[in-house]
Amino acid sequence: MTLRNERVRKELMRDISEILRKEIRGLAGVVSIVDVEVAHDNSFAKVIYSVLGSDEQIETTKNIIEKSTPKIRYEVGKQIRLRLTPELKFVYTDSLEKGSKVSELINKISRGEI
């Protein structure tokens, strides 16, 4: 990955996080952008996100993000300084949930509950 692609990746992570927080209504749970993978020509970006919440909150958030992808891309285009705004594809991962469960197990073990 070139230095330019790395800068674009970081800027996309920051901008998409802000857009989700400020512009997209109805998101349930805590949404976190885990990573962004950018194509070598910056024409495509895979946004990997995680949601911390109940199964219902996760499904609601996934649906809202899927429906809001064109708006998110439009907002990114207004903020990022690229000739072409990357096509966005959002991919859900449950890494936050797994991390939370591992942390909870470690705490139980340290307290002697297990």
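Hi everyone. Before we start, keep in mind that what you see above is a predicted model.

Let's begin with the sheet. Three strands make it up, it is open, and the order across it is β1-β2-β3, with mixed pairing. Which strands stand at the edges? Those are β1 and β3: each has a single partner strand, so one side of each has no neighbour in the sheet. On average, and ignoring direction, neighbouring strands are turned by 25° against each other.

If you're new to sheets, here's a handy bit of background: strands pair through backbone hydrogen bonds, and they can do that either parallel or antiparallel. In our case, β2 and β3 run parallel, and six bridges join them. To find your place on screen, look for Phe44, which stands opposite Glu87 in β3.

Okay, now the helices. α1 lies across β1, β2 and β3, and runs at about 155° to β1. α2 packs on the sheet too, where it touches β1, β2 and β3, and its direction makes about 160° with that of β3.

Is Ser68 buried or exposed? Ser68 is buried, and other buried residues of α2 include Ile58, Ile64, Ile65, Ile72 and Val76.

That takes us inside. Generally speaking, nonpolar side chains in soluble globular proteins tend to be buried together. Here, the largest nonpolar core has 23 residues, and Leu12, Ile16 and Ile72 have the most contacts inside it. Who contributes? Two or more residues each come from α1, β1, β2, α2 and β3, and α1 gives the most, with six residues.

Let's zoom in on Leu12. What does Leu12 touch, leaving aside residues up to four places away in sequence? The answer is Val36, Val38, Ala45, Val76, Ile80 and Pro86.

Why does Arg9 count as buried? Because its relative accessibility is 16%, and the cut-off for buried is under 20%. And the Arg9 side chain has a partner: it makes a polar contact with the side chain of Asp35, at 2.8 Å.

Note on methods
Residues numbered from 1 in each chain as written. Predicted model: local features only at pLDDT ≥ 70, side-chain atom pairs only at ≥ 80, totals over all residues. Heavy atoms only, no water. Buried < 20%, exposed > 50% of the residue type's maximum accessible area, 1.4 Å probe, protein only. Helix = DSSP H or I, 4+ residues; strand = E, 2+ residues; numbered from the N terminus. Core = buried A, V, L, I, M, F, W, Y, C linked by side-chain atoms within 4.5 Å. Contact = heavy atoms within 4.5 Å. Polar contact = N/O pair within 3.5 Å; in protein donor to acceptor, adjacent residues only side chain to side chain. Pairing = 2+ DSSP bridges. Axes fitted to C-alpha atoms, helices over the stretch in contact; angles between N-to-C directions.
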